[in-house]
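Subject: Structure for your review

Dear colleague,

Please find below the structure that I am handing over to you.

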Amino acid sequence: MHNILESLQIRSLNPSFSTGLTWGTTQEREVKAIHSPIDGKLIASVCMASAEDYEQVVKQAQAAFVQWRNVPAPKRGEVVRQIGQELRLHKEMLGKLVTMEMGKILQEGLGEVQEMIDICDFAVGLSRQLHGFTMHSERADHRMYEQYHPLGIVGIISAFNFPVAVWSWNAMLAAVCGDVCIWKPSEKTPLTAIACQQIISKVLKENNVPEGVFSLIIGDARIGQQMAEDERVPLISATGSTRMGKQVAKAVAGRLGKSLLELGGNNAIIITPQANIESAVRATVFGAVGTCGQRCTTTRRLIVHADVYDQVKERLLQIYDRLPIGNPLQESTLVGPLIDKEAVKSFTQALEKVQQEGGKLLTGGNSLEGSAYISGTYVKPAIVEAENHYLTVQEETFAPILYLIRYEGSVENAIALQNGVRQGLSSAIFSTHLQETEAFLASSGSDCGIANVNIGTSGAEIGGAFGGEKETGGGRESGSDAWKFYMRRQTNTINYGKTMPLAQGIKFEI
Ligand code: UN1
């Protein structure tokens with residue numbers, strides 16, 4: 001581990017911010033130690049940025065924007081292409097660092113870096129496709145069209161569970177759009193962020209990218225709040241809890257800025273009697289215990305028809321019984337640790353609460369002890385028979401708890417349960433019956449931002465727009481036309497005639 005950090009030359013720097021090539025630190029340093037959830041050992045310490053640091057970063061970003069917005073978009077895309085190449089070269093190392101700092105299994109750490117590479121490729125293509133519409137004017141000798149211009153500084157607040165991928169979704173789109181970004185990673189996972197910044201700095205240097213196009217600031221909620229309130233930052237893209245999102249949204253709305261929120265999910269899979277049960281179970285297990293239940297898209301509720309309920313339950317219990325839980329760096333492990341002891345506490349508290357409400361714990365729920373689990377952050381994923389209306393089931397607990405919910409009758413009953421929560425991120429149905437799957441996808445079907453058929457709720461590809469409705473915040477990141485939110489749209493009407501007619505046929509003779 002130390003080798004990785006040393007090879008990135010970050011241990012000696014102890015930075016609290018970077019504006020691209022330059023790293024800085026505060027005068028009065030607040031040092032934060034970062035321990036690995038794998039074994040509780042200290043990995044490295046970082047310095048938390050001060051309000052003055054933030055000011056310096058914003059000023060540099062403002063200056064950079066003035067230059068960067070004039071660089072042709074395909075040239076900006078070329079820089080992003082090279083960033084993608086660097087990430088390819090560092091995939092193993094960065095994936096491993098994600099695992100060490102965050103605790104997800106190595107396959108998922110590597111998968112996360114792959115998402116970064118994929119979004120770079122996507123953004124490169126996009127850099128030649130920042131298209132607007134042309135319209136026909138109602139006036140003779142007039143032309144109308146729209147263009148998309150860069151917006152300015154994009155503040156990116158990312159969460160610990162995807163410590164680098166979510167930044168890249170935002171930053172790479174922002175970069176080709178001509179924006180500059182300031183990234184505040186989760187204070188739980190600053191090392192992977194520092195590593196990324198180091199990796200991309202080589203490309204920035206080689207291409208003379210102005211200092212301040214890609215900035216990083218290591219800080220806690222105070223820096224997030226400062227950024228949210230800052231009118232020099234037209235767009236804040238924040239990923240995290242609904243509680244955090246509401247705070248950010250309020251601050252940004254208070255100054256009429258734009259916010260792109262990707263908040264809590266309470267994702268369900270519906271299994272109908274027409275489902276391929278084996279596929280459904282596989283998807284459920286990956287969705288429920290993958291990343292130890294710490295994805296926004298984690299499967300939290302399983303809504304199963306009474307006819308196949310016992311079969312599904314039995315199969316799940318068999319699999320949960322032999323889940324390999326342990327060191328996420330080991331290839332055989334499928335479930336790593338939770339991020340910290342606080343998360344273990346939320347896990348056990350939610351389980352206590354749901355049982356008080358009438359839920360029946362079928363398996364798991366305990367934290368694991370012994371030499372292999374020395375950090376105290378390993379838990380046995382739980383399955384609980386529950387009802388959708390329980391308060392605990394209505395909440396997102398960021399841990400591997402799967403609520404088994406039985407439904408009877410038609411698929412509409414299952415859809416009503418699936419929609420019957422405040423969150424609206426991801427959803428899925430397993431069925432081979434066209435009428436059921438189409439009912440799920442219809443306007444009266446799933447109310448989520450993501451609705452899948454015969455695949456699970458987690459593990460979305462970067463090509464689609466990612467995000468959800470209701471308390472999930474409404475934002476869309478990553479693929480499709482999510483880029484439009486990172487630009488300002490301008491409608492242009494041009495008169496190439498010799499007279500100046502008014503729209504709507506208005507006569508205004510002077
Ligand atoms: C998140 O949990 O914040 O769809 C992002 C997925 C991943 C991204 C999750 N591609 O599960």
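In the UniProt record, an unreviewed entry, the annotation "active site" covers Glu262. Please note that the model is a predicted one. Glu262 belongs to strand E11, which spans residues 258–262. Is this residue buried or exposed? Glu262 has 29 other C-beta atoms within 10 Å and is therefore buried, the threshold for that class being 20 or more. Leaving out residues up to four places away in sequence, Glu262 touches Thr239, Cys296, Gly467, Thr472, Gly473, Gly475 and Glu477.

Gly473, one of these contacts of Glu262, sits in the loop between strand E21 (469–470) and strand E22 (477–478). Gly473 also counts as buried, because 27 C-beta neighbours lie inside 10 Å. Its contacts, again not counting residues up to four places away in sequence, are Gly245, Leu261, Glu262 and Leu263. Gly473 and Ala249 are 224 residues apart along the chain, and their C-alpha atoms are separated by 8.9 Å.

The seven-stranded sheet

Strand E11 forms part of an open sheet of seven strands, in the order E2-E1-E9-E8-E7-E10-E11 and with mixed pairing. Which strands stand at the edges? They are E2 (23–24) and E11; each has a single partner strand, so one side of each is left without a neighbour in the sheet.

Strand E7, residues 153–157, is mostly covered, and five of its five residues are buried. In a regular strand, side chains alternate between the two faces of the sheet. In E7, Ile153, Gly155 and Ile157 point one way while Val154 and Ile156 point the other way, and all are buried.

E7 pairs in the parallel sense with strand E8 (residues 180–184) over five bridges. In that pairing, Ile156 stands opposite Trp183 of E8. Together with helix H6 (residues 165–177), E7 and E8 make a right-handed β-α-β unit. E7 is also paired in the parallel sense with strand E10 (residues 235–239), over four bridges, and the bridge partner of Gly155 in E10 is Ile236.

Elsewhere in the sheet, strand E1 (residues 17–18) and strand E9 (residues 214–217) pair in the antiparallel sense over two bridges. Here Phe17 has Ile217 in E9 as its bridge partner.

A hairpin

Strands E3 (residues 30–35) and E4 (residues 42–48) are paired in the antiparallel sense over six bridges. The bridge partner of Val31 in E4 is Cys47. Six residues lie between the strands of this hairpin, in which Gly40 takes a positive phi near 75 degrees.

Most residues other than glycine have a negative phi. Which value does Ser478 take? Ser478 is not a glycine, yet its phi is positive, at about 75 degrees. Ser478 is found in strand E22 and is buried, because 26 other C-beta atoms lie within 10 Å.

Ser480 likewise has a positive phi, near 50 degrees, and is a residue other than glycine. Its place is in the loop between E22 and strand E23 (487–495). Ser480 has 14 C-beta neighbours inside 10 Å and therefore counts as partly exposed.

A buried phenylalanine

Phe347 is located in helix H12, residues 341–356. Phe347 is buried, because 26 other C-beta atoms lie within 10 Å. Apart from its neighbours within four places in sequence, Phe347 is in contact with Leu338, Val379, Thr397, Ala399 and Ile401. Val379 is 32 residues apart from Phe347 along the chain, and the two C-alpha atoms are separated by 8.6 Å.

Yours sincerely

How values were computed
Residues are numbered from 1 along each chain as its sequence is written. This is a predicted model: local features need pLDDT of at least 70, side-chain atom pairs count only at pLDDT 80 or more; totals for chains, interfaces and linings use all residues. A residue is buried if 20 or more other C-beta atoms lie within 10 Å of its own, exposed if 12 or fewer, and partly exposed in between; C-beta atoms are placed from the backbone. Two strands pair if DSSP finds at least two bridges between them. A crossover is right-handed if, with the strands pointing away from the viewer, the path from the first strand over the helix to the second runs clockwise. UniProt positions are given in the numbering used here, feature names are shortened, and annotations may be inferred rather than shown by experiment. Two residues are in contact if their C-beta atoms, placed from the backbone, lie within 7 Å.
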